[in-house]
Amino acid sequence: MKIRNIQVARGIHWVEIQEADLRILCGCPADSVKHLIKRGLILSQEVQGVVCETGPNAILLSDLALQNGELANLAEFPVLQMLYKQGMILPGHPNNTGKKPMLIGLPEQVSAQMRYIYRGNYGLISKEEIMQTGVAEAEAEEMMRLKLKFAFGRIQPTEELLEWRMIDNDLAEPAPGVLLRRLETNVFEISFAGETVVIDLNLAPDETYESAYPLGFRRYDPEYFSVIHSGEGDGWDVSRPSMSSILTYQGRLYLIDAGPNLAHILAALGIGIDQVDGIFHTHAHDDHFAGLTALMRSGHRIRYFATPLVRSTVAKKLSALLDAEEDHVIHDYFKVHDLALGQWNDIDGLEVKPVFSPHPVETTLFMFRALWGDGYRSYGHFADVVSLDVLKGMVVSGPALPGLSQEMFEAVKSAYLVPADVKKIDVGGGLIHGAAKDFKSDSSGRILLAHRAGDLTPEEKEIGSSAAFGTSDVLIQGQSEGLRRFAYALLEKHLVGVPVQHLRTLLNHAVVEINPGAIFLKEGEMPGEIILILSGIVEKIRTRDGIFAALSAGALIGSISALTGHSSHHTYRAASFVQALRFPASLFVEIVRRNGLLDRMQNSFDLRAFLEATNILGEGIPAVTMHHMIEGAKTHRFEAGTVIPSEDLDTLNLIRKGRVERSAGGVVLDVLERFDHFGEEEAIFKVPCQFRLTALEATDVIQIQGSLLADVPIVRWKLFESYQRRTKQISHLLSAKGSFINWRDTFSVRIAHMDMHHKKLIEIGNAVLENLRTDKRGVATMRALDALADYVHYHFDAEEELMDLYAYPGAAQHKERHRELTLQAHDYLKRIHTGEKPSEAEFRHFFESWLIHHILGEDKNYGAYLNSRGVF
């Protein structure tokens, strides 16, 4: 057998062809390296007397950036393993033969990974980018000198570190004689010397990527002020999550960092994502960053706390991964709260001080304190730090050399040794992590050593303690029943207008604990009790309709069945330890009836049941938000043969009955049926629809205004995933037919942010083309043209701001060219507004000569200039 194929985990395969010296990691979601280590596919070895690791030398990327809401391509750690642990980049290493790690995939996925790895390596890459976050010029220059020292004197484009093979509709040859081709989305054929294997990287609708380590289940016990230890390992530790903590303060939960498998970690602790109030973010390396998208699947916008330096780095990296605009990628899903560096910031009584920490990317340590007794109780979270020996070796005397000043070294050393009641410290060693010996004289009350793979050494055990997963340090003990107060707040939202005495009647029942794996209501059963989830995660399942949803705090289970007298439509099963308020169903019905809510609630049951059966609205929707959706929802019927007009595409349409054909460029793409949706392009993302939608039979839809959905992260996130899939589907299918203008690598100006703008302009231009083919009334065409004009203004402003930031020598001429293009666009739009309707061919000629030629000409020039300054 010449091709060795091993399924490592869901969505991860290992393909090895020894004769071709090719070892492909197929699929690289979070912690894929840990999966390889656990399967024995990465081992320690000795080569010519040098100890190093085995492992892959190529990565086959998923066609899809997201699968079931999770990031599918996270190549940062696999690439680091190849470069450093295998030695492919280390000077004088026997494995440094000139061969580079290889990325294989669709052009857009390869490009996205290149940009994301670049930001993961360096963070902000220029003095100008640092100053954009509010840092003074002298301080920004000092930060850049330190960054260059970590980068061995030069920031390298990712293209110098890696090689790549693009695979779309053509064959790729990653090694001599090895052929790789795409059969369909995420399905690939690899052949060599007469043998063939097929690799399928798709996840089923009910599947998620697996955690590399089991965690079991823990009980979450809220305290007034405490630290729950949710991770003590690092990005290579196969047995533990990466270094992280969870703070409880006055009934609120705050995460410190969001490493890989965050949803799995929270579930093991009995915490639902909707219980999280905020996250404090130290930096953007994957072992502290990769779980951030799990928080985007919350029913409310979680608060995001970081310094502008860290936030900017995170936005740029996340933007690259998602191919989304960095101005919106965090703000659309989180409530952003910038923290002042080096100062105490008051967060609802919890005080936090972010402290600058030297690291290859922008990083802060956090000190937390809460007023108590005759002073404060405090916690220090020190991820990531650098050993003082390494830092001392970076000290230089001249201000022009890469490194840091003696003054900065002393300031960092002093910050490291500030005492706290409890302090968790990175002791990962090496060039960019800490050393336990630096904290031997630290006067903190309790020191915890973390951020390393494996056990502590005897010397380290004399300095600090370890913390097992799920254990906690209580800084201030709680004295009030926070869980019941929380239950009361939830009941108020479910039963609007019900008087206090009736809510207290329900509240005066047992708070119970449900064990992981326990079914407490089956499909077809009548509930005798109502369950209000207070903490933990509950699975809602109906396999015959493909419904697999996760419910957390605030879900009221059994209420609809109790009020309608109909049996449960779903099975409910605890996925973690669950705490819940349990009260009799008959009592709940009587309270609803006495307060005159029964008729109103019964009238909405059918609609609520339908909405909760859809993938988009089936989980994580707060009670108040669902109530507003039901009140604002409209029912509309499209008769058979109706082309759905543009005015019905600025709302989210959920198909309740019937079928809708989706086509573009005269090609049928798919048929949408019950529970499917359309219209999210304009309703949520404010982009004209590129499709023609035709009712194949009498079709009833529920229409919900985008304003009711845009601020619900889990809904926005699911719609973003489906929107991206549809956009890429239309691009790949129709570009070959010439029906649409397709983004090509030759259009790239090699500035990630501007490439995204140009892609958006082409997407809107394609919407205009489709409307010119199908929009007989001209209304949709005008809307699309107006959207194009608006985005052109936005893009030109952003482009000019970027040129000014870096003092581009050709800025004046470029701005003049923008003015000329703007006048041409206005003249073109004016003619159309006065009744002239261009043909599809006329608009295409105008668009390509007006914009595409500008990108290929003038924009390429500033791109080359900025690339020379390290901006990509």
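**Sheet notes**

I started with S11 and strand S12 (residues 178-184), which pair in the antiparallel sense over two bridges. Pairing here needs at least two bridges found by DSSP, and strands are DSSP runs (E, at least two residues) numbered from the N terminus, as are helices (H or I, at least four). Across that pairing, Ala 172 stands opposite Leu 180 in S12.

Then I looked up the whole sheet: it is open, with four antiparallel strands in the order S11-S12-S13-S14. Strand S11 (172-175) and strand S14 (195-200) each have a single partner, so one side of each has no neighbour in the sheet.

This is a predicted model, where local features need pLDDT of at least 70, side-chain atom pairs count only at pLDDT 80 or more, and totals for chains, interfaces and linings use all residues. Residues are numbered from 1 along each chain as its sequence is written, and side-chain values use heavy atoms, without hydrogens and water.

**Ring notes**

I searched the whole structure and got 32 aromatic pairs (Phe, Tyr or Trp rings, the six-membered one for Trp, with centres within 6.5 Å; planes under 30 degrees apart are stacked, over 60 edge-to-face, the rest tilted). Tyr 254 and Phe 305 have ring centres 6.2 Å apart and planes at 65°, so I logged the pair as edge-to-face. Tyr 254 is in strand S17 (residues 252-256) and Phe 305 in strand S19 (residues 302-306), so the pair ties together parts 51 residues apart in sequence. I also found both in a ring-pair cluster with Phe 280, Phe 366, Phe 368 and Tyr 379.
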